[in-house]
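Subject: Structure for your review

Dear colleague,

Please find below the structure that I am handing over to you. My findings follow it, and I would be grateful if you could read them with the model open.

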Amino acid sequence: MSRLIVVSNRVAKTDGANKGSEGGLAVGVMAAMEKDGGVWFGWSGKVDNKASEAKHEVRGNIEYVTINLRQSEYNQYYKGYANSVLWPLFHQRPELMQYSDTDLSGYLQANKKFADELLKVIQPGDTVWIHDYHLIPLGKMLREAGLKNPIGFFLHTPFPSLDLLRTVPGYQKILKALLHYDLVGFQTEADHMGFCMGVAQGLGGEILKNDRLRFEDRHCTARVYPISVETSALPKAAAAGENTEEFKRLYNSLNDRQLIIGVDRLDYSKGLVQRFQAYDKLLGHYKEFVREVVYLQISPTSRGDVQAYGDLAKRIDREAGHIIGTYADFDWMPLRYLNRGFRRRTILAMYRLAHVGLVTPLKDGMNLVAKEYVAAQNPDDPGVLVLSEMAGAADELDAAVVVNPYDVSGITGGIAKALKMPLDERIDRWRKMMDVLEQQDIYAWQRHFLEDLASVTGPSIATAVNH
């Protein structure tokens, strides 16, 4: 029987209904795999210099297969090339790249380690679905080892334009590696176009009919598959979250003030500095909101051992301190800034309580917080999503209050508009966005990708996509 084998850098062995600090990849893959099962392969999150075998563990209908990384592999593959080169490059911050040949070598060696261990797991007829920028070379390595199985790849981050891509040494190898997949999925049309132009102009390849690309003897199909959420399950999870101690304490502390909420990893791509500055300007320019609103920002620390993230944390601390020092009173704290995660059902309940959901990344592949915020709302009294036009979600959720994340005054105006918005307009905007999320949920995302993978590779994986 054909199995679905999902491969990602990290494996999240958590209950998707109860946790809240995972990124979009973990939430999306977990939701998709819980329904149909399969094998989830990746890094355990542990750094161990001792030789160790892959660990196999079964939970429900998912088999988890995890490997450890050595310290040098972690430094060069994860901390180095993946997160000090590819992440800033893909998020339009090439000035933050710290490229080294050593890190690139470590990135390739770690991918080879993944390939060697993965080949021990794959059986004839299995479908392999590889995820994200950490593992771009993995498909090529599997092919070079003789693997004939269908292999798909999905990129959860943005994909850069050719001009940006050219800033990294050896950028052509990134494009050539992606061409070894049968199907490559992107979040948005802009990301898809960046890849196509890279192949056509950066490599001198061809764009063919039916989303096909060719360079020398390599062919692949590339299409857009916007990732989504478990739309129908989120209202129930949000209601359950209202029974948690954390939610009750938040609710009681507000004293009927309007809540603005932001939930993001502490990452320079999320636009937190501009967001804090916009809130500062809101309190300074709109006196009617002073003492009447509370902004809760939840930002678990992300990659704290990468210098750019440590610098960001210090900057955010200064911005938060300025707001609190300027506006706080004995009985009112205008900003609550928390560097830790919460259970997912608690976060969803907080979304449901919030009058404004603030999602203003400088650049994001999709941003599932935006979609979760909408799905968690009370249909009779929904909050308002203030959304960056630089988030992939803005392509679908155009009924949000859409803002330019670099325009601090524009964000301020967007927040004010959301806080003042009448109920009938709030309901109308929410309904339009929910229509999108109900039609295109996480299961539709999984189904569409795997059905397309089956169609471009033949009937061998049909059983992997039948429900």
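A crossing of two helices is called left-handed if the near helix is turned anticlockwise from the far one by less than a right angle, and right-handed if it is turned clockwise. In this predicted model, the crossing of α6 and α7 is left-handed.

The geometry of this pair can be stated further. Two packed helices are described by the angle between their axes and the distance between the axes. Helix α6 covers residues 171-178 and helix α7 covers residues 189-202; they pack at an angle of about 115°, and their axes lie 10 Å apart. Angles of 65 to 115 degrees count as roughly perpendicular, and α6 is therefore described as roughly perpendicular to α7. On the α6 side, the contact involves Y171, Q172, L175 and L178, which meet F195, G198, V199 and G202 of α7. Of the residues in this contact, 5 are nonpolar and 3 are polar, while none is charged.

Two residues deserve a look for their backbone angles. Most residues other than glycine have a negative phi. D132, which is not a glycine, has a positive phi of about 80°. It is placed in the loop between β5 (127-131) and α4 (138-144). E216 likewise is a residue other than glycine with a positive phi, in this case near 55°. Its place is the loop that links β9 (212-215) and β10 (218-224).

Are these two residues buried or exposed? Residues under 20% relative accessible area count as buried and those over 50% as exposed. D132 has a relative accessibility of 7%, so D132 is buried. E216, at 63% relative accessibility, is therefore exposed.

A further loop position is T231, found between β10 and α8 (234-241). T231 counts as buried because its relative accessible area is 4%. Beyond its neighbours within four places in sequence, T231 is in contact with A375, M434, L437, E438 and D441.

Finally, a word on confidence. The protein chain has a mean pLDDT of 92, and 94% of its residues reach 70 or more. Over residues 16-21, however, the pLDDT is below 50, and this stretch has 17 contacts in the model beyond near neighbours in sequence. The pLDDT also stays under 50 over residues 459-467, a stretch with 20 contacts beyond four places in sequence.

With kind regards

Note on methods. Residues numbered from 1 in each chain as written. Predicted model: local features only at pLDDT ≥ 70, side-chain atom pairs only at ≥ 80, totals over all residues. Heavy atoms only, no water. pLDDT = per-residue confidence, 0-100. Contact = heavy atoms within 4.5 Å. Helix = DSSP H or I, 4+ residues; strand = E, 2+ residues; numbered from the N terminus. Buried < 20%, exposed > 50% of the residue type's maximum accessible area, 1.4 Å probe, protein only. Axes fitted to C-alpha atoms, helices over the stretch in contact; angles between N-to-C directions. Parallel < 35°, antiparallel > 145°, perpendicular 65-115°, else oblique. Nonpolar A, V, L, I, M, F, W, Y, C, P; charged D, E, K, R; others polar.
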